[in-house]
Amino acid sequence: MSSSFLLSPLAWTWQTAQTVGRGLLDLMYPPRCLGCGARPESAGLPLCPRCLQRMERAPRMAIAARLDRLPAGRGLFDETTTLWVFDKDGTLQAVQHAFKYGNRPQYGVALGRLLGKAYAEKASGPDGVVPIPLHRTRKLERGYNQSRMLGKGVAEVLDCPLRSDLLSRPHPTRSQTNLSREERWKNVHGAFAADAGCANGHWLIVDDVLTTGSTVVAAAQTLSEAGADTLSLATLALARQ
Ligand SMILES: [Zn+2]
């Protein structure tokens, strides 16, 4: 069932009006680079090539080291990829804010293509890309799932299907912000449900920012318990700690 079907006619009309209005504004005033204010040259990206170059890349093994700190995260993923280090109040936070809350889903797809390219340099293609789902109420608030938009870009580059049907989030969870590692794990553990169709496959889980890894580990465990063969992980960024 599409999200627009779940919305009331009034909410749907408002969202459509926002999207159309945004499109018209973009035509008149093309979006500026969120890092320096210059006109971005790459289509759909919220950053100009210079600001993209200046973003701090996450060290190669950093994401695996972070996951190792969660007992349930050790050895869960075959391959892990992340692009940048995420700093509070940094350029990437402005970008994330725009595509998560600012009704700019197209930024997610464009950034997802970059993430897909980085993954493809390291590993062979999975059977499908599985974005971290949002609980229904959160999705209604935002209008779309930012991880699904990233996943769309990743799947496009890897030439494999986007399988947002394989994982759902039937139980609402509170925001992970300001929670300790233990609290985060308790908060998301058991929040997900997997579709039986995930059995025997290699699935690439995609999310925006990895902090402790609790969310992606809880999601991966759910897929693994439902019979998934191999799991890999690609996140746009790793939060600095
Ligand atoms: Zn710039």
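Modeller: We start with burial. A residue is buried if 20 or more other C-beta atoms lie within 10 Å of its own, exposed if 12 or fewer, and partly exposed in between, with C-beta atoms placed from the backbone. N178 is exposed, because 8 other C-beta atoms lie within 10 Å. We will return to that residue.

The model is predicted: local features need pLDDT of at least 70, side-chain atom pairs count only at pLDDT 80 or more, and totals for chains, interfaces and linings use all residues. Residues are numbered from 1 along each chain as its sequence is written.

Now the overall picture. The protein has ten helices and six strands. Both are DSSP runs, numbered from the N terminus: helices are H or I, at least four residues, and strands are E, at least two. Of the 241 residues in the protein, 39% are buried.

The part to look at is the sheet. Four strands form it, in the order β1-β6-β5-β2. The sheet is open, and the pairing is parallel. Two strands pair if DSSP finds at least two bridges between them. β1 (80-86) and β2 (128-131) stand at the edges. Each has a single partner strand, so one side of each is left without a neighbour in the sheet. From one strand to the next, the twist averages 20°. Such angles run from 0 to 180 degrees between N-to-C directions, and axes are lines fitted to C-alpha atoms, for helices over the stretch in contact.

Walk across the sheet from β1. β1 pairs with β6 in the parallel sense over six bridges. One of these puts T82 with its partner T235 in β6. Next, β6 (residues 230-239) is joined to β5 (residues 202-210) by eight bridges, and these two strands run parallel. V209 has A237 of β6 as its bridge partner. V206 stands opposite A234 in β6. P131 stands opposite V206 in β5.

β2 is covered on both faces. G128 and V130 lie on one side, V129 and P131 on the other, and all are buried.

Helices also lie against the sheet. α5 lies across β1, β5 and β6, and runs at about 110° to β1. Helix α8 (residues 146-158) packs on the sheet too and touches β2, β5 and β6. The direction of α8 makes about 130° with that of β5. Two residues are in contact if their C-beta atoms, placed from the backbone, lie within 7 Å.

Take V154 as an example. Not counting residues up to four places away in sequence, V154 touches G112, L115, G116, Y119, V129, L204, V206 and A234. V154 also belongs to the largest nonpolar core, which has 54 residues. A nonpolar core is a set of buried Ala, Val, Leu, Ile, Met, Phe, Trp, Tyr and Cys residues joined through C-beta atoms within 7 Å. The residues with the most contacts inside the core are V154, W203, L204, I205, A219, A220 and L223. Across the protein, contacts between residues at least 6 apart in sequence are 77% between residues at least 24 apart.

Now the loops. A226 lies in the loop between α10 (214-225) and β6. A226 is partly exposed, because 17 other C-beta atoms lie within 10 Å. Leaving aside neighbours within four places in sequence, A226 is in contact with A194, A196, C198 and A199. A226 and A196 are 30 residues apart along the chain, and their C-alpha atoms are separated by 6.2 Å.

N200 lies in the loop between β4 (193-194) and β5. Its phi is near 65°, a positive value in a residue other than glycine. N200 counts as exposed, because it has 10 C-beta neighbours inside 10 Å.

Back to N178. N178 lies in the loop between β3 (167-168) and α9 (181-188). N178 has a positive phi of about 70° although it is not a glycine.
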